Amino acid sequence: MNQPEQPERGDQWRLFVGDGRPRRVAMPEPPPWRRFGRAADDGTHTAPHRPYLIDQPQIDVVNAALHLRRPLLVTGHPGTGKSSLAYAIAHELSLGDVLHWPVNSRSVLSEALYQYDAVGRLRETTLSRDQGRQAPDIGHFIRLGPLGTALVPGELPKVLLIDELDKGDVDLPNDLLTVFERGEFEIPELSRLAHEQHTVQVHTFDGGEPVDVAGGFVRCSEFPVVVITSNGERDFPPAFLRRCLRLDLPDPSAQRLRDIVAAHLGADALDQVDDLVRVFLARRAPGELATDQLLNAAFLRLGGVDTDAEGLLDAVLHQLGGTV
């Protein structure tokens with residue numbers, strides 16, 4: 001049997017050669033921001049912490065939202081760290097994993113609160129009756145969504161990231177107002193059974209232990225840390241804005257870009273990638289390049305990749321706007 005050929009010595013950074021011949025390669029280490037959680041001894045997974053740099057004026061707004069228990073509406077161009085802010089808060093305050101709700105044009109409030117598998121319950125009830133055993137409890141067929149899980153009472157607040165709310169339906173921000181103001185929501189399928197079964201255990205979005213729901217209502221004891229991101233694609237209703245604290249993240253300056261590279265790749269990296277920073281700044285227009293693109297180019301350079309190869313830098317530092 002023919003053995004797969006080993007990679008040739010030249011151009012060692014090129015894992016894929018394009019000649020159609022199979023070969024075994026040793027995959028290099030991924031960038032720090034593309035390393036995912038590894039399973040611990042207890043079977044749990046923890047996401048690796050990534051550095052997050054933020055200036056004092058923005059830090060003060062975050063703290064104001066924490067004190068006031070108000071949602072934080074974060075705006076800024078792509079790549080300014082809007083979504084990453086939620087993970088930085090959760091890590092620094094030891095608030096556990098972030099509950100993430102990515103919003104799109106089909107998103108509705110109900111899916112963020114809970115989902116009820118009525119068809120599954122009917123099927124299991126029928127099967128149990130036919131087999132002469134007790135039907136599963138209704139709680140087996142209810143799973144809280146990210147917002148619903150964030151409102152489960154606990155000693156510490158949870159962190160909820162509502163990502164790109166401006167991509168959702170125009171009525172979605174207003175739909176959130178009642179939940180934000182009251183800190184609770186009703187599960188009608190359970191409240192109708194309250195006189196028969198006051199407390200029901202339901203599943204959570206994060207896959208943790210089932211939680212008790214009493215009387216069909218989920219009521220928070222600590223309002224969650226809510227981070228809402230927006231790319232500024234449309235305006236939000238005044239009533240919604242009044243209940244949020246606004247935080248606009250600016251495009252990083254030249255010095256901040258160097259600080260970000262140093263934080264992710266080490267201070268020694270700056271001398272080798274200073275020209276990439278200059279190229280990035282020269283090409284950057286508002287909203288057309290993201291900081292992680294610079295990090296990608298810097299990581300390739302430090303890994304021995306020929307970033308001067310034809311088309312490579314253009315592919316990494318491609319504009320985010322316009323057609324592809």
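Strands β7 (residues 159-163) and β12 (residues 225-230) run parallel and are joined by four bridges; helices (H or I, at least four residues) and strands (E, at least two) are DSSP runs, numbered from the N terminus. Within this pairing, Leu161 stands opposite Val227 of β12. The model is a predicted one, where local features need pLDDT of at least 70, side-chain atom pairs count only at pLDDT 80 or more, and totals for chains, interfaces and linings use all residues. Residues are numbered from 1 along each chain as its sequence is written, and side-chain values use heavy atoms, with hydrogens and water left out.

Both strands belong to an open sheet of five strands with parallel pairing, in the order β4-β7-β12-β3-β13; two strands pair if DSSP finds at least two bridges between them. At the edges, pairing on one side only, are β4 (99-102) and β13 (245-248). From one strand to the next, the twist averages 20 degrees. Helix α2 (residues 82-92) packs on this sheet and touches β3 (72-75), β4, β7, β12 and β13, contact meaning heavy atoms within 4.5 Å. The direction of α2 makes about 165 degrees with that of β12; axes are lines fitted to C-alpha atoms, for helices over the stretch in contact, and angles run from 0 to 180 degrees between N-to-C directions.

On a 1 Å grid over the protein atoms alone, a cavity is a set of points where a 1.4 Å probe fits but cannot get out, while a pocket is an open set with protein on both sides within 12 Å along at least five of seven lines; lining residues have an atom within 4 Å of a point. Grid points are joined across faces, edges and corners, and a volume is the space filled by probe spheres set on the points.

| Space | Volume | Lining by class |
|---|---|---|
| Second largest pocket | about 350 Å³ | ten nonpolar, three polar, one charged |
| Largest cavity | about 50 Å³ | five nonpolar, three polar, two charged |

In these classes, Ala, Val, Leu, Ile, Met, Phe, Trp, Tyr, Cys and Pro count as nonpolar, Asp, Glu, Lys and Arg as charged, and the others, Gly among them, as polar. Helix α11 (residues 291-302) gives the pocket the largest share of its lining, four residues. Among the residues lining the cavity are Asp251, Phe280 and Arg284.

Finally, there are 15 salt bridges, each a side-chain nitrogen of Lys or Arg within 4 Å of a carboxyl oxygen of Asp or Glu. One of them links Arg243 with Glu181, with the closest N and O atoms 3.4 Å apart. Arg243 is in the loop between α8 (238-242) and β13, and Glu181 is in helix α6 (residues 172-182), so the pair ties together parts 62 residues apart in sequence.
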